[in-house]
Amino acid sequence: MLQVNHLCTSFFTDKGEVRAVDDVSLEVPAGKIVGIVGESGCGKSMTARSVMGLVRAPGKIKSGEILLDGRDIVRLSEHERCAIRGSEISMIFQEPMTSLNPVVRVGHQVEEALLLHEHVKKQEAEARAVEIFEAVGIPDAKKRLRSYPHQLSGGLRQRVLIAMAMICRPKLLIADEPTTALDVTVEAQILRLMKKLCGSGTSILLISHNLGVIAQVCDYVYVMYAGRIVEQADTFTLFDNPCHPYTKGLLDSVSSLRSGAQVLDTIPGVVPNLLHLPAGCSFSMRCGCCMEKCADLLPELHETEPGHRVRCHLFDKEEPA
Amino acid sequence: MVRNILSRLLQAVCVLLGVALLIFIMLRIVPGNPIATLMGEHADRAVIERMTAELGLDQPILRQFIRYLADALRGDFGTSYSLGKPVAALMGAAFGNTLKLAVLAALFAWILGITSGVIAAVRKNGLLDHLFMGASLLGVSMPVFMVAMLLQYVFAYHLHWLPIAGVSSWKGFILPAVALGWNSAGSVARLVRSTLLEILEEDYIDTARAKGRGQLGVLVLHALRNAMLPVITMMAVQFSSLLSGAVITESVFSINGIGRLAVQGISGRDIPLLQGTVLFSTLVVILGNFLADCLYSVLDPRVRKEG
Amino acid sequence: MFRKKKKEKEQAQDIRLASQIDEEESFFSLMGRMARENKLAAASAILILVFILAAIFAPFLTRYSYSDMDLLHRLSPPSSGHLFGTDEGGRDILTRLLYGARISLLVGVVPTLLSMVIGALLGLASGYAGGKIDALIMRLADIMLAFPSMLLAMVIMYMLGDGLINVFLTLALVNWASVARIVRSETLQLKKKEYVEAARVIGVSKAVIIFRHILPNCLPTLIVLFTLNVPSAILTESSLSFLGLGIQPPDASWGQMVNAGRQYFYNAPWLSLVPSAAIMLIVMAFNFLGDGLRDVLDPHQKKQ
């Protein structure tokens, strides 16, 4: 379905190049939910924006390809991209409070995509909007079409955004932290909704910093750190047998919460400045198992078992000469 | 919504009353009897006293004020001391010219300002951006009389394209309107540019693009409508400064308008004329602000009250 | 809710900012940063300084007198002897411009300072006291702001009569209301800050809270406002003088020079254009400086 190969997206600032996404390859198979997890600023949202073609200046896709059903969409013209956006791929943003145009009725905003891509009549668009509103669980759908965003709660707005993204029945839905701004009960509803969507044939790329969310819905998970993928595996394997020290750290900080430990396990240190990354493994400065070569030599993504890859020198198959 | 508008209307009326009272008091605390000043040193004391009584100038200020208001409501603003005609009639003749001038200037300023602001924002840091922003800076910094005199010199005196003064034909309005609108065009352009640049960073712009809207569609359908909100607020303020500038422009181009009457009111020490013109101009400003408020609540659903 | 917003988008910028804003910066280092980042503001500051020095040292900068007539050289165009030409009395325009700068700069600064003091005091009182005082002051401000400023200035000039001091008073009375409004809203925000609440709880007196805790925090805004209000005062005065209602001879402001040159405009346009250009330059310089100051002193306002 979606295949991203060696994607590099950088910001060119006065102080130098910031590699927000560095050599990321990933795959979203048809009908699956794939997750990207990582701390804020690790490049997961930038990956999503690159796929949508919504990277803002001074950011730029430097190299790599993004294949949608085999077609490389990086090389499309802006006009061709507009035709794909909203109809074949669509995206839900992380801020339901600010992602809707405050001066336009939500019904109109939802119908807009339909009118743009399918050239339907206004009345049919409205009927479809009511339909999709009901499908995403917005009560009083007909009346709600005429509301303005400020009249809706955060949960309702997120549903409107999902409805907007789904109305053209896209093949791929990118959800960037869709539940972060919402409270827990609403989060559960939204996640259930996404699972339902996936069941009806849409592939989903779910981006979150919340391992709980990932564990609930994803089939396969990529862990990102400082612009690179450090580990990838199917969800069960990742949670059962995490290999990268960073993934272990992430899981520990969650499980120590679950077990009610008095002292929270945290990963020491902070995400490194993307302008001054170490030459080797970018996690080396915070890593408990850091070795001599880690600081200077970037580890490869090694396959430890089928479908499970780790970017860490602990799993080097042979000592480099 | 209706209640909202009504309360604003009430507010506007209160401000207008305050304005009227303030002008009234300010013009009454000038030392000396205005009639005596007007009639010169050799006037007969009895005549002065009779006229003062006739005009009610010997009564307490508050009573004078109430009488003035009552007359004004009936369209009687008194008689001009220096021109000997009813102030209402003088203003009626002049108001048409000032209104045409101000509206033309506003149209010029808004159309030019909004277009160049939008283009500058879209072509941020490009040649057109620098060009328009440089020009708008000149617009904001040039005194009105300088623009007016330069335009008059170049297009009327030198090139003979347009009349040098007066508004006997529509052509006469062109130079004064451009001169008057020049400043506002500059500030509108700067505001539109900066607002639009901020709005283009908003999340809902991403949403619109993610839907598959092209650049132009995003700009026109999503960004501009939001960008217009602060611009409307500014336009109301601008209308007031246009009336201020009209005083200058009318003087340079010898246009018989409200501003020139006000100047006449001062140089002729003509209280009824000055009072009438200032009150009237302020009324227009307050009305303009009220309309801008209404327009704002039509465009921005967030300030509308439901039910 | 907004904190998480646009994290990725602003990441690059955050990195830049983080390296620059270490701790609290002193006033001078702020000014230095502005000068480095905003060349236009720096150049404007220098231009303003040059104008001020030229006004102070006017007698040393020119060999002509600003009042003595030289009827042989009336209305002569710009030349090497008279850089900007001479006026209807044969007086050197450059010389008159230098002396006129004294009045024009004073007219920019003195009334603006005055209106800042009035506006700040009323704004503080209004914002801190609230209730009836607040309502009274703000309604008065509403009324003042409803007038077209030129016409209000004309009425006040009429009330006070001619003279330099009265021009100062007029401009101060025209401008205080907008200052009061801004200071009031700032005071309202500061009043809710923890350290002000804390001071109030431990029984610090009102005057101390207002002048030690609130006023200093309004200072950046006041400095920016001052810089942006000076040019508008200069413009209003020049407009009044242009109509013959402001500064009266023998005092000469630039606006009044423009007015004096009006009747010779078609034969000798430099009479009016040179002082007009001077007004434009000083207004532009203050506007640039004000924008630059706002960017470094008041980042919230820029972002809003």
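In this predicted model, E303(A) stands opposite R309(A), a residue of strand β12 of chain A. The strand that pairs with β12(A) over four bridges, in the antiparallel sense, is β11 of chain A, covering residues 301–305.

**Strands around β12 of chain A**

- β11(A) and β12(A) form a hairpin with two residues between them, and in the turn G307(A) has a positive phi of about 80°.
- Strand β12(A), residues 308–311, is also joined by two bridges to strand β10(A), residues 228–234, and these two strands run antiparallel.
- R309(A) is the bridge partner in β12(A) of Q232(A), while R309(A) also has E303(A) standing opposite.

**The four-stranded sheet of chain A**

- An open sheet of four strands in chain A has the order β2-β1-β4-β5, with antiparallel pairing.
- Its edge strands are β2 (16–28) and β5 (71–72) of chain A, each of which pairs on one side only.
- Strand β1(A), residues 2–13, is joined to strand β4(A), residues 59–68, by eight bridges, and the two run antiparallel.
- Within this sheet, V4(A) stands opposite I66(A) in β4(A).

**Chain C as a whole**

- Read along the sequence, chain C follows the pattern α-α-α-α-α-α-α-α-α-α-α-α-α.
- Chain C has 304 residues, of which buried residues make up 44%.
- Among the contacts in chain C with a separation of 6 or more, 68% are accounted for by residues 24 or more positions apart.

**An enclosed helix and an open one in chain C**

- Helix α11(C), residues 254–261, has eight of its eight residues buried, so it is largely enclosed by the rest of the structure.
- The buried residues of α11(C) are W254(C), G255(C), Q256(C), M257(C), V258(C), N259(C), A260(C) and G261(C).
- The cover over these buried residues of α11(C) includes α7 of chain B, together with α5 (93–129), α10 (206–242) and α12 (270–297) of chain C.
- Helix α9(C), residues 194–201, has eight residues and the number of them that are buried is zero, so α9(C) lies largely in the open.
- After α9(C) comes G203(C), whose phi is positive, near 85°.

**Packing of α7 and α8 in chain C**

- Helix α7(C), residues 149–160, packs with helix α8(C), residues 164–191, at an angle of about 140°, and their axes are 9 Å apart.
- That angle makes α7(C) oblique to α8(C), and α7(C) passes α8(C) in a right-handed crossing.
- On the side of α7(C), the contact is made by S149(C), L152(C), A153(C), I156(C), M157(C) and L160(C), and on the side of α8(C) by N166(C), L169(C), T170(C), L173(C) and V174(C).
- By class, this contact of α7(C) with α8(C) has eight nonpolar, three polar and no charged residues.

Conventions
Residues numbered from 1 in each chain as written. Chains lettered and ligands numbered in written order. Predicted model: local features only at pLDDT ≥ 70, side-chain atom pairs only at ≥ 80, totals over all residues. Pairing = 2+ DSSP bridges. Buried ≥ 20, exposed ≤ 12 C-beta atoms within 10 Å, placed from the backbone. Contact = placed C-beta atoms within 7 Å. Axes fitted to C-alpha atoms, helices over the stretch in contact; angles between N-to-C directions. Parallel < 35°, antiparallel > 145°, perpendicular 65-115°, else oblique. Left-handed = near helix turned anticlockwise from the far one by under 90°. Nonpolar A, V, L, I, M, F, W, Y, C, P; charged D, E, K, R; others polar.
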